[in-house]
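Subject: Structure for you to look at

Hi,

Here is the structure I promised. Please open it and keep it on screen while you read my notes below.

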Amino acid sequence: MTCHLLIPAAGSGKRMGADRNKLLLPLIEKPILLWTLEAAIASEAIAWIGVIGQPHDYPEFQKIFHRLNTTKPIHLIQGGTTRQASVFNGLKSLPSNGDRVLIHDGARCLATPQLFDRCDKALQTMQGFIAAVPVKDTIKIVDGQTIVDTPNRDHLWAAQTPQGFQADLLKNAHLKAVELGWEVTDDAALFEKVGLPVQIVMGEETNLKITTPQDLAIAEFILKQRN
Ligand code: CTP
Ligand code: MG
């Protein structure tokens with residue numbers, strides 16, 4: 001077991017339209033966050049897990065941790081007002097031997113243990129990487145309602161998590177972001193902005209992020225197919 005995993009889970013799930021953090025919603029009788037944690041725990045590669053949450057969710061998170069059958073250490077870390085701030089808090093909470101970190105959204109509850117294993121292996125040789133899949137759609141760059149460009153699809157990949165980094169390099173990138181007011185939607189973007197290389201590791205088509213009620217229905221279908 002080699003790497004440390006941070007799970008951002010401190011959002012509110014606005015686009016889901018539920019009355020609480022979407023990660024607490026049931027998906028085939030288990031909260032979404034429990035599915036994510038079970039996959040992470042089943043990965044041999046992960047030695048330590050930090051779950052980043054809002055304090056008002058801690059009691060529910062604790063109940064989820066109690067349902068896990070594991071000896072792996074799981075820590076609660078206080079989240080921030082944005083995903084970026086939440087991850088930064090997570091990085092500051094890594095133990096001193098946490099030199100390689102994987103970051104995986106709590107909302108990506110269909111990621112398999114094999115994907116975590118593949119990511120851990122990648123992190124043994126790469127400074128930074130993201131799991132990603134080639135896009136299937138033709139993507140348009142639009143200004144207002146008018147297309148301004150159609151990028152060559154051969155160069156387009158859809159970003160997922162896990163994303164993995166040498167922890168000190170990512171922490172420095174986050175520090176610089178705070179200093180210069182950069183706001184981004186994933187950690188790779190900060191690595192890119194400070195000029196560090198980010199590579200691609202093959203993700204999974206089914207590794208979707210639960211964002212809307214439709215995603216929950218699709219996730220349920222995929223999980224039932226698996227069993
Ligand atoms: N997240 C976080 N801290 C925040 C915001 C988001 O840790 N302040 C986490 C979410 O819990 C989620 C992941 O980042 O696991 C990806 O974010 P997203 O899918 O956008 O979740 P929410 O922000 O909760 O949803 P929404 O944007 O619809 O409100
Ligand atoms: Mg969000």
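A disulfide is a pair of cysteine sulfur atoms within 2.5 Å. By that cut-off, a search of the whole structure finds 0 disulfides. Keep in mind that this is a predicted model.

Cys3 has 0% relative accessibility and counts as buried. Cys119 also has 0% and counts as buried.

Next, the strands. Look at β4 (residues 46-53) and β5 (residues 74-78). They run parallel, and 5 bridges join them. Find Ile49 in the model: Ile74 of β5 stands opposite. Helix α2 (residues 58-66) belongs to this picture too. Together, β4, α2 and β5 make a right-handed β-α-β unit.

Now Phe116. Where does it lie? In helix α4 (residues 113-123). Is Phe116 buried or exposed? It is buried, with a relative accessible area of 1%. Its contacts beyond the neighbours within four places in sequence include Leu5, Ala39, Ala40, Leu102, His104 and Pro162. Ile46 is another of these contacts. Phe116 and Ile46 are 70 residues apart in sequence, but their C-alpha atoms are 7.8 Å apart in space.

On to the rings. The count comes to 1 aromatic pair. Its members are Phe165 and Phe191, with 4.9 Å from centre to centre and 55° between the planes, which makes the pair tilted. Phe165 lies in strand β10 (residues 157-166) and Phe191 in helix α6 (residues 187-193), so the pair ties together parts that are 26 residues apart in sequence. Phe165 and Phe191 are both buried.

Two lysines also sit over rings. The charged end of Lys30 is over the ring of Trp35, 4.0 Å from the ring's centre. Lys92 lies over the face of Phe88, at 4.1 Å from the ring centre.

Then go to Phe165 and Phe191 and look at the tilt of the pair.

Best wishes

Definitions and conventions. Residues numbered from 1 in each chain as written. Chains lettered and ligands numbered in written order. Predicted model: local features only at pLDDT ≥ 70, side-chain atom pairs only at ≥ 80, totals over all residues. Heavy atoms only, no water. Pairing = 2+ DSSP bridges. Helix = DSSP H or I, 4+ residues; strand = E, 2+ residues; numbered from the N terminus. Right-handed = clockwise from strand over helix to strand, strands pointing away. Buried < 20%, exposed > 50% of the residue type's maximum accessible area, 1.4 Å probe, protein only. Phe/Tyr/Trp six-rings, centres within 6.5 Å; stacked < 30°, edge-to-face > 60°. Lys NZ or Arg CZ within 6 Å of the ring centre and 35° of its normal. Contact = heavy atoms within 4.5 Å.
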